[in-house]
Amino acid sequence: MLTYMSIRSTIAALEAAGELTSFHPRSRIPPRRRLYLNKQAVKDLTDVNSATNVLVGRGYIQAALEHWVRGERVTGTAKGGRFMKRLESPPKEIWEIRVTVPVVQCRLFGRFAEQDTLVLTKFHTRSMLGKKGSANWTSAMTTCETDWGNLFGLEAPYTGNSIHDYVSENCDDFPLEA
């Protein structure tokens, strides 16, 4: 319970300092999950010249972020559309939200701070990342880990054994990767 309160306090302090920004849906539907963006992720979302906005489109990215915050169904199998996925380590506990429409795809990297609370650090076009296991994938995952450390210091990301440890409701039962 101490960690729960500790991470919430840390997030509140980071938000007050302008290091994290809470993402809220544009609708009046109250959020069911929490999402925070670091400064780089905010820039990736709001800068009209960011690679993800130019090649993918902000509307598709915004829709994925709202999907998470509104508590919509989280799928994790290729057949089900795979909305999010824990990436194969190292480093451990790096997650991606997958924006798969339109043809140019986007991956939103981050880590869980606690159940239903995701902190995104960077958005990448899928073509920039290249093949799974490439130097670009490794670099992007390492950067996510470094960005987490810059925000939270020695506070480890939240961990679990099943997807239901990370997502409390409205979630398919799918196996976690590595």
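Where is the place of Asp-116 in this structure? Asp-116 lies in the loop between β5 and β6.

Before I continue, a word on the source. This is a predicted model, in which local features need pLDDT of at least 70 and side-chain atom pairs count only at pLDDT 80 or more, while totals for chains, interfaces and linings use all residues. Residues are numbered from 1 along each chain as its sequence is written, and side-chain values use heavy atoms, with hydrogens and water left out.

Helices (H or I, at least four residues) and strands (E, at least two) are DSSP runs, numbered from the N terminus. Let us take strand β5, residues 106-114. Nine of its nine residues are buried, so the strand is largely enclosed by the rest of the structure. Buried here means under 20% relative accessible area, with exposed over 50% and partly exposed in between (1.4 Å probe, protein chains only).

What are the partners of β5? Two strands pair if DSSP finds at least two bridges between them. Strand β4, residues 95-99, runs antiparallel to β5 and is joined to it by five bridges. One of the pairs links Trp-95 with Gly-110 in β5. The hairpin from β4 to β5 passes through six residues. Strand β6, residues 117-125, is also antiparallel to β5, with eight bridges between the two. Here Arg-111 has Val-119 in β6 as its bridge partner. This second hairpin leaves two residues between its strands.

Asp-116 belongs to that turn, and its phi is positive, about 65°. Most residues other than glycine have a negative phi, and most peptide bonds are trans. Asp-116 counts as buried, at 8% relative accessibility.

I turn now to the loop between β3 (84-86) and β4, where Pro-90 is placed. The peptide bond from Ser-89 to Pro-90 is cis, with omega near 0°. Another cis bond joins Pro-90 and Pro-91, with omega of about -15°. Glu-93 also has its place in the loop between β3 and β4. Although Glu-93 is not a glycine, its phi is positive, about 60°. Glu-93 is buried, with a relative accessible area of 10%.

Finally, consider Asp-147 in helix α6, residues 135-152.
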